[in-house]
Amino acid sequence: MLELNHIKKSFQGKSVLEDVTFKMTQGESVVMLGANGAGKSTLLKIIMKMLRPDGGMIESSLEKSRISYVPQSPSMIGNLTVWQFASYLLALHGRKEQTLEALRKAGLEAKKKEIAENLSAGQMKRLLFQLAVIEKPELLIMDEPTAGMDLEAKRQFYRQLAAMRQTGMSFIVTTHILSEAEQLADRLLYLEGGMIREDRLIEEIKQDQQTITFRASRQYNRLLLSLGYQYQDGIYRKLTKKTVEEIKVLLDAAVPLEQLEVTNNTLETYVEELEGEETLL
Amino acid sequence: MKPIMLTVSMESKRMLKDKYFLVFSLLLPFVLYSLFTYINRGQAIGQIDFDYYFLISMTCYSLVVTSVQTFGIQIMYDRKQTWMAYLFTHPISAAQYFAARMITQLLLNTLIIAFFFFISNAWKQFDRPLGEWLVISLWLLMGSILFLAIGILIAQTKKLQTASVTANILVLTFAILGGLWMPLETFPNWVQAIGEWLPSHIYAQGAWRIAATGSLAFSNIILLVCYFLVSFIGVVFLQYKQRS
């Protein structure tokens with residue numbers, strides 16, 4: 001559905017995207033993570049053809065009209081009411097008659113006569129999201145979609161997105177909220193230094209590493225620390241890919257384990273680890 | 001065609017609510033017209049009654065302000081607010097959008113010409129043939145395309161503040177040195193020598209000449225076309241530079 005090959009982009013001599021290559025198939029949902037300035041928004045704009053890459057190729061089987069975009073920064077124009085703004089954009093898609101529906105879903109029906117520019121950031125995001133999905137696009141690209149939304153609006157957004165995922169719609173989304181990333185997507189793209197450092201399925205990440213936690217007598221402290229466990233508030237903890245082997249070592253050493261728990265990795269711990277390595281580099 | 005018509009409709013609603021447009025394009029020129037025609041009552045410039053001469057001057061001034069300042073700064077503002085980038089993710093191309101903006105401005109310019117001509121005619125009771133009104137209106141409308149191009153040229157500036165200052169300086173230069181606020185004959189010779197070559201003067205001179213002689217000077221058309229081509233090439237060059 002979408003294929004990016006060796007995409008490069010720089011601004012005023014400063015390289016933002018060095019060499020980005022990835023493929024996406026229909027129905028996939030991808031979350032793009034990375035530190036500020038990693039090139040996420042630039043990459044989204046290149047996919048949306050809002051920016052031209054300096055090098056590389058984009059191949060897409062989708063027509064432009066089948067791709068929708070929810071921008072990061074509020075993109076409003078002055079002097080138009082919420083109704084005029086929404087109906088203009090929907091009319092461009094031949095869906096002017098759905099203006100009321102979009103405003104209702106965005107919870108902005110009561111504000112239809114207000115100047116669009118005066119909406120709060122969260123209200124704008126809700127409106128831009130509803131405008132983007134009303135045509136049921138095949139690919140929805142969202143740049144920090146929940147920034148500025150209140151809790152209830154976020155819940156509604158997650159519900160609607162989950163329903164759309166069931167229909168086979170594809171997503172590319174950037175976010176800074178890691179707990180949200182798990183709900184939004186199946187696949188993680190981690191950008192670093194203008195390149196994709198990690199491209200993995202989120203489920204795979206979660207199963208790949210596990211955290212072992214337990215309580216043990218302090219007399220085993222030296223041994224456990226030497227085995228790489230961290231101690232905090234009476235609990236020993238270790239992130240590992242070899243859970244069974246690790247527990248066997250503990251049992252062989254006759255460490256009495258209390259409240260032993262093995263939990264799957266979270267995206268949050270995985271990304272923290274990536275960010276930690278990035279800082280060290 | 002549909003995206004253009006939708007955008008013209010949307011932009012017209014937007015512009016008619018724009019306080020800057022209402023104050024600087026309609027109210028201020030009308031106040032200046034009332035003031036200067038009172039001060040210079042009973043006088044004539046060349047073969048034209050001052051009231052009529054200054055009606056043309058103020059209509060030109062209003063069109064220059066609207067096209068260079070209001071239009072140029074608005075395009076710049078929309079660009080900076082990422083509105084345009086977002087809009088182009090919808091089914092409308094940049095060419096359609098800019099065509100719609102130009103059409104909207106030309107409609108507004110028609111409205112400005114009609115506003116000044118109707119109000120002043122009702123007030124001052126000019127006894128002029130309808131054909132002359134129409135030819136002057138057409139000249140003013142066509143000539144305003146040059147100032148729209150200058151507005152778009154200014155909108156290519158990187159900073160909003162730079163664009164705003166440039167537009168202000170340019171409009172004041174066009175208005176004062178171009179003889180729109182005061183007849184150029186009242187200035188020293190060296191100022192007149194500069195003013196005669198300004199596009200605003202050539203623009204207004206075309207209309208004054210129609211009012212005085214009923215005909216257009218070919219040199220006025222050529223000079224305005226040259227100014228337009230320079231502005232147009234400037235826009236294309238800056239667009240190309242920005243994209244690359």
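Is Ser144(B) buried or exposed? Ser144(B) is buried, with a relative accessible area of 0%; buried here means under 20%, exposed over 50% and partly exposed in between, using a 1.4 Å probe on protein chains only.

## About the model

This is a predicted model, in which local features need pLDDT of at least 70 and side-chain atom pairs count only at pLDDT 80 or more, while totals for chains, interfaces and linings use all residues. Residues are numbered from 1 along each chain as its sequence is written, chains are lettered from A in the order in which they are written, and side-chain values use heavy atoms, with hydrogens and water left out.

## Around Ser144(B)

Let's start with this serine. Ser144(B) sits in helix α6 (residues 130-154) of chain B, helices being DSSP runs of H or I with at least four residues, numbered from the N terminus.

Leaving aside residues up to four places away in sequence, Ser144(B) touches Ser67(B), Leu106(B), Asn109(B) and Tyr203(B), a contact being heavy atoms within 4.5 Å. Ser67(B) is 77 residues from Ser144(B) in sequence, yet their C-alpha atoms are 7.1 Å apart. The side chain of Ser144(B) also reaches the backbone oxygen of Leu141(B) at 2.6 Å.

## Where the chains meet

Now for the interface. On chain B, 24 residues are in contact with 27 residues of chain A. The two chains bury about 2,300 Å² between them, 59% of it on carbon and sulfur atoms; this is the accessible area (1.4 Å probe) lost on putting the two parts together, summed over both.

Notes. Helices (H or I, at least four residues) and strands (E, at least two) are DSSP runs, numbered from the N terminus. A polar contact is a pair of N or O atoms within 3.5 Å; within protein, one must be able to donate a hydrogen and the other to accept it, and residues adjacent in sequence count only if both atoms are side-chain atoms.
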